[in-house]
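This report goes through a two-chain model by topic. Please keep the sequence and the coordinates at hand while reading.

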Amino acid sequence: MSTQAATSPTTTGRGTRQRTKAGGRHGIWSALQPAVALLSVLLLIGIPLWMVLITSAKPQGEALNPSLTLPSEWQIWENYSQVFTDGRITPAFFGSLFIMLPAVFVVLLLGSLAAWVLARRATRGNAILYSLAISGIVLPPAVVTVVLLLRQIGLAGTAIGMIAVYVGMYMSTVIFFVTGFIRTISVELEEAARVDGARPIKIFGRIILPLLAPVLSTATILICLYVWNDVFYAFFVIGGRIDTLPLNLFQVASAGLYLNNWHLIFAYVVLMSLPLLLVFMFAQRRIISGVTSGAVK
Amino acid sequence: MGNRQTHPRTFLIPAFVVMGIFFFTPTIYNFVYAFTDWSSFKAEINPVGLANFESLLSSGTLLTSLRVTLVYAVLVAIFQNLFGLGLALLLERDTRINRFSRVMFFIPVVMSALAVGYIFQALLKPAGALNQLLSLFTAEPVTTAWLGSTTWTIVVVALIHAWKWMGLSMLIYLAGLKTINEDVLEAARLDGASAWQTFRTIRFPLLAPAVTFNVATALLGSMNGFDIVQATTGGGPAGSTELLNIFIYRTFGQGLFAQATTMSLVLFVAVALLAFPVVRTLRKREEVL
């Protein structure tokens with residue numbers, strides 16, 4: 001913004017506006033702002049992350065009270081290979097992945113299908129169905145009785161039971177985001193295809209679904225974050241039966257806190273955070289614009 | 001608009017069946033099994049009327065946990081929005097440093113809340129990194145037990161929760177700030193309004209939709225909180241941070257399923273009662289503009 005003022009000394013509205021902003025009472029702040037920004041990143045994010053990384057490379061004796069100092073002796077390979085086996089990282093990674101992928105796929109597909117009908121047929125009955133469908137955004141899932149239900153239908157402790165619970169929990173989020181988005185898409189596109197004799201399911205698959213890409217990527221990001229990091233619902237539904245990354249972190253940490261094994265806890269934290277952090281680093285621009293576009297209309 | 005042939009109601013069935021079985025049925029179960037003696041110690045389940053509520057009320061657990069949960073939720077909503085708005089105003093301009101900073105502040109959002117809890121448990125130990133830093137600056141040994149006060153620890157865990165999610169609030173406030181018309185701000189500037197006056201009378205009111213979203217999600221989301229508090233204090237010291245979900249987790253582990261269900265019902269009713277007035281008040285504030 002301020003660079004534009006420097007390069008275009010015109011008398012257009014924008015040019016003068018920028019000059020008044022860059023000079024005068026905003027001058028000191030403009031000079032200080034980059035320093036303040038970097039300092040707050042350093043203090044609020046840098047220190048905690050540095051402590052995690054540095055402690056995960058220390059011998060046990062130095063990790064008793066995690067500090068910000070460098071280890072006297074680097075013990076990266078030993079710590080990480082120990083949590084890799086003790087924390088059963090490989091089965092936990094695939095456990096998390098094989099629960100998250102189907103859950104996200106199913107909830108997006110069923111949610112968009114329902115959202116299309118709810119957005120396009122504005123009847124009183126549908127308005128009631130819509131409120132019911134989005135109630136799950138605020139209402140907390142009944143975590144204890146869901147265990148009883150899964151026992152009754154023979155899905156207790158299974159991956160399918162866990163997937164179904166996540167689909168039920170996050171259906172509201174998908175329907176809320178997608179219905180709002182479809183209302184902004186013109187109906188004429190659909191009508192053209194209908195004149196050509198296409199059936200509803202074909203119109204949905206060929207025309208509507210591709211148009212939903214932006215809103216579906218927002219919903220994918222949010223639901224992946226929730227499911228990948230969930231430990232509370234997983235504890236009730238599959239705790240002790242299936243390995244997932246957060247469940248195993250809970251296990252490693254419960255044993256590790258007792259022995260003050262901070263080096264192992266933090267090595268696990270680094271390993272478990274890597275997959276999502278890598279995805280985030282590569283796709284941060286899309287993720288950040290995706291998250292913001294959904295929230296404020 | 002659509003009709004029966006073009007947008008068949010059958011398309012609603014799969015979504016509603018899954019929600020019906022796996023979301024609504026357990027919720028209805030809450031209203032049934034909270035009035036039984038369901039536990040891991042016996043095979044059959046018998047109705048016991050209000051016995052679970054009476055025992056939880058007389059032991060004081062119900063009201064304590066409910067109060068702790070509400071205090072936590074309100075504190076999280078305040079801190080998360082203050083931090084989020086502060087960061088958004090700080091990083092508003094589109095410079096390279098600001099874009100980098102926004103990405104950094106989003107890292108905690110991506111991390112597991114459980115991991116965040118352990119990180120802060122280590123940072124805030126009496127001999128932890130924060131006290132080591134403070135000792136360095138004050139030149140005298142600092143050994144505050146940040147997670148050891150029955151009064152203030154709830155504030156500390158709420159601050160940690162806010163730290164984890166402030167990056168998300170920041171992004172939403174940034175998106176809100178972008179929608180404000182430059183001409184309105186220019187007019188205020190020409191009228192001689194100070195930066196603070198412009199913010200208080202123009203920019204903040206125009207941020208209403210972002211405030212609605214952020215306050216509602218922070219407040220209602222943290223009512224359902226568990227991971228961060230479990231990983232930092234486990235509900236202690238002396239139960240002063242025992243959220244409803246931590247109580248549910250603990251009693252479920254002890255096999256007292258009916259008691260856990262009763263608290264789950266209390267949480268459901270509390271969130272439902274809170275959700276409607278919160279969302280309505282915030283929406284009304286938007287309409288005034």
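Is A:Pro102 exposed, partly exposed or buried? The model is predicted. In it, A:Pro102 has 17 other C-beta atoms within 10 Å. A residue is buried at 20 or more and exposed at 12 or fewer, so A:Pro102 counts as partly exposed.

A:Pro102 is part of helix H6 of chain A. Its C-alpha atom is separated by 9.4 Å from that of A:Ala164, a residue 62 positions away along the chain.

## Helix packing in chain A

Helix H6 of chain A covers residues 89-120 and packs against helix H12 of chain A, residues 213-229. The angle is about 145 degrees and the axes are 10 Å apart. The crossing of H6(A) with H12(A) is right-handed.

On the H6(A) side, the residues that meet H12(A) are A:Ser96, A:Ile99, A:Met100, A:Ala103, A:Val104, A:Val107, A:Leu108 and A:Ser112. H12(A) contributes A:Leu216, A:Ala219, A:Thr220, A:Ile223, A:Cys224, A:Val227 and A:Trp228. By class, the contact of H6(A) with H12(A) holds 12 nonpolar and three polar residues, and no charged ones.

## The two chains

Chain A has 15 helices and zero strands. Of its 297 residues, 43% are buried. Among contacts in chain A between residues at least 6 apart in sequence, 70% join residues at least 24 apart.

Chain B has 13 helices and zero strands. Of its 289 residues, 44% are buried. Among contacts in chain B with a separation of 6 or more, residues 24 or more positions apart account for 73%. The C-alpha trace of chain B spans about 75 × 75 × 30 Å along its principal axes. Chain B is divided into domain 1 (1-26) and domain 2 (70-249 + 272-288), and the C-alpha centres of these domains of chain B lie 37 Å apart.

## Interface and nonpolar core

The interface brings 71 residues of chain A into contact with 77 residues of chain B. On the chain A side, helix H15 (residues 262-295) gives the largest share, with 13 residues. The side of chain A that touches chain B is made up of 56 nonpolar, 11 polar and four charged residues.

The largest nonpolar core has 171 residues. Those with the most contacts inside it are A:Val107, A:Ala114, A:Val167, A:Met171, A:Ile175, A:Leu249 and A:Val269. Both domain 1 and domain 2 of chain B give residues to this core, so the core lies between them.

A:Met171 has contacts in both chains. Neighbours within four places in sequence aside, its partners in chain A are A:Val107, A:Leu110, A:Gly111 and A:Gly136. In chain B they are B:Ala15, B:Val18 and B:Met19.

## Backbone exceptions in chain B

Most residues other than glycine have a negative phi, and most peptide bonds are trans. The peptide bond joining B:Gly236 and B:Pro237 is cis, with omega about -10 degrees. B:Pro237 lies in the loop between helix H11 (227-232) and helix H12 (244-253) of chain B. The loop between H11 and H12 of chain B also holds B:Ala238, whose phi is positive, near 55 degrees. B:Ala238 counts as exposed because it has 9 C-beta neighbours inside 10 Å.

B:Ala139, not a glycine, has a positive phi of about 60 degrees. This residue lies in the loop between helix H6 (129-138) and helix H7 (153-178) of chain B. B:Ala139 has 6 C-beta neighbours inside 10 Å and therefore counts as exposed.

Methods. Residues are numbered from 1 along each chain as its sequence is written. Chains are lettered from A and ligands numbered from 1 in the order in which they are written. This is a predicted model: local features need pLDDT of at least 70, side-chain atom pairs count only at pLDDT 80 or more; totals for chains, interfaces and linings use all residues. Axes are lines fitted to C-alpha atoms, for helices over the stretch in contact, and angles run from 0 to 180 degrees between N-to-C directions. Helices (H or I, at least four residues) and strands (E, at least two) are DSSP runs, numbered from the N terminus. A crossing is left-handed if the near helix is turned anticlockwise from the far one by less than a right angle, and right-handed if clockwise. Two residues are in contact if their C-beta atoms, placed from the backbone, lie within 7 Å. Ala, Val, Leu, Ile, Met, Phe, Trp, Tyr, Cys and Pro count as nonpolar, Asp, Glu, Lys and Arg as charged, and the others, Gly among them, as polar. Domain bounds come from an automatic or database domain assignment. A nonpolar core is a set of buried Ala, Val, Leu, Ile, Met, Phe, Trp, Tyr and Cys residues joined through C-beta atoms within 7 Å.
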